[in-house]
Amino acid sequence: MAIIGNRIDGRLIHGQVANLWATKLNISRFMVIDDEVAQSDIDKQALKLATPAGIKLSVLPVEKAANNIKNGKYDSQRVMIIAKRPDRFVSLVNHGVQIEELNVGNMSQTNETRTITNSINVTDEDVEHFKQLKAQGVRIISQMVPNDKAVDFMTLINE
């Protein structure tokens, strides 16, 4: 399977992902899955600028990403899938893509969120999506950077 890493990060591609994770996992392609971002030329251009030289970038609606993955389009690559929120991964799994592990990175604070850690803020809807993913066999961890210890994310939201 071509999927090497799965990460939720509200900032999508930035320093931690572009440098630390890409290097640690030897990523050859970032795949941002987000129906809205895929429609925005400005967002796509910003993501291109944030992507390091030598790494390919796909910014796709969830359904198209799922079809490409299932059709083996990226089988020869080392892909890291990145999304802003867990609902995108629920949709990906519902479209038939198997995900073994999901790393929860930065999720920004809003009026609707509650704080889980210094950099992770979730809505009740997010929590439901995480529970759906866990029920489908996805191991959910939180690990900001590769040198941090991976923590079982579900223990953080159940506290």
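Predicted model: local features only at pLDDT ≥ 70, side-chain atom pairs only at ≥ 80, totals over all residues.
Entry 1: I began with the total. The model holds ten salt bridges. I then looked up individual pairs.

**Entry 2: R11 and D9.** I found a salt bridge between R11 and D9, with the closest N and O atoms 3.3 Å apart. I checked accessibility for both partners. R11 counts as partly exposed because its relative accessibility is 39%. D9 is at 0%, so D9 counts as buried.

**Entry 3: E36 and R88.** Next I took E36 and R88, whose side chains meet in a salt bridge at 3.5 Å, N to O. This pair joins distant parts of the chain: E36 sits in helix 2 (residues 35-38) and R88 in helix 5 (residues 86-94), 52 residues apart. Which of the two is buried, and which exposed? E36 has 55% relative accessibility and therefore counts as exposed. R88 has 13%, under the 20% cut-off, so R88 counts as buried.

**Entry 4: R85 and D126.** My last pair was R85 and D126. Their side chains form a salt bridge at 2.4 Å, N to O. R85 lies in the loop between strand 4 (79-83) and helix 5, while D126 lies in helix 6 (residues 124-135), so the bridge ties together parts that are 41 residues apart in sequence. R85 counts as partly exposed because its value is 23%. D126 comes out at 3% and so counts as buried.

Conventions:
Residues numbered from 1 in each chain as written. Heavy atoms only, no water. Salt bridge = Lys/Arg side-chain N within 4 Å of Asp/Glu carboxyl O. Buried < 20%, exposed > 50% of the residue type's maximum accessible area, 1.4 Å probe, protein only. Helix = DSSP H or I, 4+ residues; strand = E, 2+ residues; numbered from the N terminus.
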